[in-house]
Amino acid sequence: MADSNNLSFVRTEMLQGQTPPLGERGVVRWIRLNLMATPIDAILTVFAIFLLAWFVPPMINWLFIQASWSGADRAVCSTVAQGGVMPDGWSGACWAYVNANFNQFMYGRYPLEEHWRVNLVGIIFSLLLIALLTPKAPFKTANAIVFFFIFPIFAFFLLVGGWFGLPYIETATWGGLLVTLVLSFVGIAVSLPLGIVLALGRRSKMPVIKMLCVIFIEMVRGIPLVTVLFMASYMLPLFLPPGVSFDKFLRALIGVALFASAYMAEVVRGGLQAIPKGQYEGADSLGLSYWQKTGLIILPQALKMVIPGIVNTFIGLFKDTSLVSIISMFDLLGTVRQHFNDANWASPQTPISGLIFAGFVFWIFCFGMSRYSIFMERRLDTGHKH
């Protein structure tokens, strides 16, 4: 029988650390876990690689290699048989068309010598927005006051003019990305606070306030934005006293802001309904008033929970600005489409090139909003903290 007191099998020294196997580190591990975890994942990965190999090289060739980058007219984007200089069978993006009309795509018919006003507003807007969105930037309160109250007034006087020696610029000459950004900024800045007020009003215990908010929200959400813009532009003047009129662009701003506010109200209401009842009871036990309870406890939690929905509404609003073409105003997409009828650039490649350019610009802004919302979600996620 073996001696039960024999402990010679116990190791007397620690094993040295060894390098993990190749399949458990680096790129190989990432591929195994994310692309080849199961047989179905492997099949889908192979299919995706095949699809990219079939689609990406021709796309790069059309967008960059065969593209026409400069030129004075349609000849550089047309084949010889089509009256141009390109060889028969050529097909590529017509970036020369985008380059030739770039200023109009950005500013519309805003006078060329006054573009500095738009550029100045854009620079100030960008600086204030970056400071506002940077979590650790100082003077947050002052920055917010300037951004939401002082800057809009400054931008209005600078863009419209007519004061301080600046020439007056009619909003009918505005177009391109300028209209897109102004409409979306005003819509976003107005829809969030107004949507919060409507959401709180819909949950109010006062019947009149609740009924008014419900009627407004359901009425606006029940009709398309095109109808709202059409009514604001063409039907609203019919109800005004004789001689009273509003600028068409201002009417579009009001219509877009009210439309977005109704949708924002439902997003915020969803967050309010998701707050546990214990949060309300805890606030009441502290003796807080309704506004203290709402502003300090309920609303911050509700808004944090619905950040994806809020940003989704913002992105939808940004893209819906293209609908102002129904009232003869042209944002970026409308300006691009308007130039399809330019005889100097009429070619088979012109429309698709212009639409790709407009789509890329819209994607940059929408993707930026999406990534920032993800950043804020992670920063405000306190579920893992004690």
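Contact is taken here as heavy atoms within 4.5 Å. The model is predicted, so that local features require pLDDT of at least 70 and side-chain atom pairs count only at pLDDT 80 or more, while totals for chains, interfaces and linings use all residues. Residues are numbered from 1 along each chain as its sequence is written, and side-chain values use heavy atoms, with hydrogens and water left out.

With neighbours within four places in sequence set aside, Leu-332 is in contact with Phe-105, Met-106, Gly-176, Leu-177, Thr-180, Phe-357, Ala-358, Val-361 and Phe-362. Leu-332 is also among the residues with the most contacts inside the largest nonpolar core, which has 62 residues; Phe-105, Tyr-110, Trp-174, Leu-183, Phe-249 and Phe-357 are listed with it. A nonpolar core is a set of buried Ala, Val, Leu, Ile, Met, Phe, Trp, Tyr and Cys residues joined through side-chain atoms within 4.5 Å, where buried means under 20% relative accessible area, exposed over 50% and partly exposed in between (1.4 Å probe, protein chains only). Helix α10 (residues 248-274) gives the most to this core, with seven residues; helices are DSSP runs of H or I with at least four residues, numbered from the N terminus. Another core, of 16 residues, lies apart from it and includes Met-264, Val-267, Ile-275 and Ile-298.

Across the whole structure, 27 aromatic pairs are found. Rings of Phe, Tyr and Trp (its six-membered ring) pair if their centres lie within 6.5 Å, with planes under 30 degrees apart counted as stacked, over 60 as edge-to-face and the rest as tilted. Phe-125 and Phe-185 form an edge-to-face pair, at 5.3 Å centre to centre and 85 degrees between the planes. Because Phe-125 lies in helix α5 (residues 115-133) and Phe-185 in helix α7 (residues 177-202), this pair ties together parts that are 60 residues apart in sequence. Phe-125 is partly exposed at 23% relative accessibility, whereas Phe-185 is buried at 16%.

The pair of Trp-363 and Phe-367 is stacked, because the ring centres are 4.8 Å apart and the planes are at 15 degrees. These two residues are four apart in helix α15 (residues 350-380), and therefore separated by about one helical turn. Trp-363 has a relative accessible area of 47% and Phe-367 a relative accessibility of 39%, so both count as partly exposed. Elsewhere, ring pairs link Tyr-97, Phe-102, Phe-105, Trp-345 and Phe-357 into a cluster.
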